[in-house]
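This report goes through one structure step by step.

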Protein chains: 4
Amino acid sequence: MITRGHAPDGEGIPSLADTSALREPPATARGARTRAALVAAARIVFERDGYLDSRLTDITAEAACSTGTFYTYFAGKEEIFQAVLEVAQDDMLHPGMPRLDPEDSSPVGVIEASNRAYFEAYRRNAKLMLILDQVAAGDSGFREVRRRRSRAFADRNARAIKDLQDRGLADRDLDPLMAARALSGMVSRMAYYAYGLGEDHTLDELVETSTALWANALKLDRNAR
Amino acid sequence: MITRGHAPDGEGIPSLADTSALREPPATARGARTRAALVAAARIVFERDGYLDSRLTDITAEAACSTGTFYTYFAGKEEIFQAVLEVAQDDMLHPGMPRLDPEDSSPVGVIEASNRAYFEAYRRNAKLMLILDQVAAGDSGFREVRRRRSRAFADRNARAIKDLQDRGLADRDLDPLMAARALSGMVSRMAYYAYGLGEDHTLDELVETSTALWANALKLDRNAR
Amino acid sequence: MITRGHAPDGEGIPSLADTSALREPPATARGARTRAALVAAARIVFERDGYLDSRLTDITAEAACSTGTFYTYFAGKEEIFQAVLEVAQDDMLHPGMPRLDPEDSSPVGVIEASNRAYFEAYRRNAKLMLILDQVAAGDSGFREVRRRRSRAFADRNARAIKDLQDRGLADRDLDPLMAARALSGMVSRMAYYAYGLGEDHTLDELVETSTALWANALKLDRNAR
Amino acid sequence: MITRGHAPDGEGIPSLADTSALREPPATARGARTRAALVAAARIVFERDGYLDSRLTDITAEAACSTGTFYTYFAGKEEIFQAVLEVAQDDMLHPGMPRLDPEDSSPVGVIEASNRAYFEAYRRNAKLMLILDQVAAGDSGFREVRRRRSRAFADRNARAIKDLQDRGLADRDLDPLMAARALSGMVSRMAYYAYGLGEDHTLDELVETSTALWANALKLDRNAR
DNA sequence: GATGAATGAGATTTCATTCAT
DNA sequence: TATGAATGAAATCTCATTCAT
């Protein structure tokens, strides 16, 4: 059975954990407040102006602090962008409510729930996801982080597919890893077109089509459990 | 039947035809040579440094001409990038030779041939495709062009899927347009991971998996014609 | 006879007494400890990074106290540098023990002892001497202090030379003040090259040569008393 | 006999040749004019404000060009400072007229001529020499260049001293290299005090004293040839 | 006494574009 | 056509010093 937390392609959820742990958190409450204000301001500015066109002074102006204060907490634009992502990531990873209909833990039901969660999270963070594309397109380090993250998700989904194959529920001719990667990529692409580029599809259409394509592609039995 | 030239997602092949026709070609042979040298130099520089990080002076230096000369032929970086794309586009659109086994014009055979052509073209132009991502990510005008182009391809593929459905060869529960868009996106994503990010898959693996997933997803009969 | 305490050129031993006496010492033992930690930290940082490139925060970090605390004890970088110098100055002025062979208080013997003391002190504080150069080079006030100090030493040595001339022991054609200044400068320069720039000469070579040159230059009789 | 071109300590005449040859000269006459204007402006600004306190915009303002133009010719403050030094160096190395009285090529005469040339050159460039101190004090790369240059001069003078010793004209007890270094340092120090710090000595006093001290220190016979 | 967050003026640097030769 | 010097607006980043806690 496909495990919980399946996130198509894993994109948009880089942790960048490498550097985020290095800087120690503000020592005082005031510091924590200022830092949070800067991160919130940065998200607003990034979403409004794009990453490349936003200036540090716009962020500090939005946060109502001086430019010097910015550097108390971040080394530059890249670093505060990571901080913005980390906040968004929490939202991407911990949706407000359970996605899984306890009545329906069939493979198809799990896939559907996962896809729905992904589309919802993407919709909530669509602008930020575009910014992330922009940053990743220009920064190979960032791209590498995304690649590794995607691979981790794909590996997990690949194991789930393998499991279904072993249980005779999925097409045994497919390479589990490649299929996992391809289908996850498909879902992320659908979200990109729908919410990033603004094609008009309803959430239900997206969930329905993506789930049907997953199910068909794996030759899943819709009634199996 | 799915028509020839099916290009998954249509990505990476924007024509930007709007502006490219405006400027008339160099009057003299020397001019034509200089222009060609600049375009070739630009591709080298873009692929080496990325679009954002490349400077016009790098291009003119690579082309061994002065900065002033650049403006004789192009209005700026965007315009020469279009010129670079146009050259690459010929390659993307006209694969060296037909990959289609004349014996096998079954739906699955056509899909396979299309996918193979796409992967091969992507592989030949992988670096440029990444640059294109970078440009599109930062330029909403460019993004819109890509979106329209993708939609045109998807529409064509959607009609092909509709046709298969009408003939009873494909799953009638699927929305043809969304399925077309999703599956084309899947293929473009696979190419991106394999050749853009450097995951190591062989061409045959990519073709095989993508074709199997298309066929399964549409519930095509592998033997139908 | 040339008096004790002759310090070639007098360089590197500015007292800056004007300001150093103004601030009164810390009232509590804890305060004294903190102040001492800051001075010690400053010397480490100055010697590691140079005066210009060292930041106050580096010093407070090295001293493990906050930036605010710094200002409890010092008005700024210049003032703590003076404090560092005062500590070093004790070492420069009071070599561990008299180097003077009581048997040999001949003019040449005194010169030799003085030169040796100077080279040894310079060697112990070579890094700091370079820092001092850096500060003096950029601060005309500091330069003036050094100039006056040099002049005071030179005047004293000039009187000693005059005395030797009057007693018929030194070349009467020399101007005592200029000769004193020149020969003191010579010794300070030798120390700078040897210990500041790292030319490899032994202490004995330096002492021997400098003393011989002094003696020759003044046409001293090596056996006179 | 001490050779022509003896330059005490060699200080203030670094060539920094390492980098100066890298950048190719302006292609046009206009470019050469602009570059020269910048160098001249830089010298004025450096001498007026000191190296550390001068800003690039002051230099471009003085040269009546834009800030961008500066970077057409120089990478930064350090590089234009090298260019200023190179101009001064020509003056230091090629004094306007022959210093040597053809009637007096005795060792003492040669030393006197050399010292006089050095003092004159130092006086003409005194402000710049102080700037050089400032730069060298803060930049170890620069210091190293000076060290090597000094050593080259000292080596040459050491050979001359050795020659005098071999001919029985100079004190054989002295180490030629150390004596050369020490006496050259002495002269450079005298120039620094007189012209850098503004002690009031006449040129003749400086020449006379320095020459007498050299002669005495080496135990030269004033009448020898 | 000790803390450490906040300040903000100002210097450096880049590079697409123009235009006189 | 070709040249390449000149332009200049605009963005980043530093760090000594203050002051509320």
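By class, the surface near DNA strand E has 10 nonpolar, 24 polar and five charged residues. Here Ala, Val, Leu, Ile, Met, Phe, Trp, Tyr, Cys and Pro count as nonpolar, Asp, Glu, Lys and Arg as charged, and the others, Gly among them, as polar. This is a predicted model, in which local features need pLDDT of at least 70 and side-chain atom pairs count only at pLDDT 80 or more, while totals for chains, interfaces and linings use all residues. Residues are numbered from 1 along each chain as its sequence is written, and chains are lettered from A and ligands numbered from 1 in the order in which they are written.

**The DNA strands**

DNA strand E is surrounded by 39 residues, and the closest are Thr34(A), Gly68(A), Gly76(B), Gly68(C) and Gly68(D). A residue is near a strand if its C-beta atom, placed from the backbone, lies within 6 Å of it. Among the elements that each supply at least two residues of this surface are helix H2 (29–49) and helix H4 (67–73) of chain A. Helices (H or I, at least four residues) are DSSP runs, numbered from the N terminus, as are strands (E, at least two).

DNA strand F also has 39 residues around it, the closest being Gly68(A), Gly68(B), Gly76(C), Thr34(D) and Gly68(D). Its surface has 10 nonpolar, 24 polar and five charged residues. Helix H3 (56–63) of chain A and helix H2 (29–49) of chain B are among the elements that each supply at least two residues there.

**The protein pairs**

Copies are superposed by least squares on the C-alpha atoms of residues with pLDDT of at least 70 in both.

| Copy laid on | RMSD | Turn | Shift along the axis |
|---|---|---|---|
| Chain B on chain A | 0.3 Å | 179° | 0.1 Å |
| Chain D on chain C | 0.3 Å | 179° | 0.0 Å |

The contact between chains D and C takes 32 residues from chain D and 32 residues from chain C. Two residues are in contact if their C-beta atoms, placed from the backbone, lie within 7 Å. On the side of chain D that touches chain C, two or more residues come from each of helix H7 (126–138), helix H8 (140–166), helix H9 (176–196) and helix H10 (203–218) of chain D. H9(D) gives the largest share of that side, 10 residues. By class, this side of chain D has 14 nonpolar, eight polar and 10 charged residues.

Chains B and A meet through 32 residues from chain B and 32 residues from chain A. The largest share of the side of chain B that touches chain A, 10 residues, comes from H9(B). That side divides into 14 nonpolar, eight polar and 10 charged residues.

**Two helices of chain B**

The axes of H8(B) and H9(B) come within 8 Å and cross at roughly 120°. Axes are lines fitted to C-alpha atoms, for helices over the stretch in contact, and angles run from 0 to 180 degrees between N-to-C directions. H8(B) and H9(B) are therefore oblique to each other; angles under 35 degrees count as roughly parallel, over 145 as roughly antiparallel, 65 to 115 as roughly perpendicular and the rest as oblique. Residues of H8(B) that meet H9(B) include Phe153(B) and Ile161(B), and those of H9(B) include Leu177(B) and Arg181(B). This contact has eight nonpolar, three polar and two charged residues.
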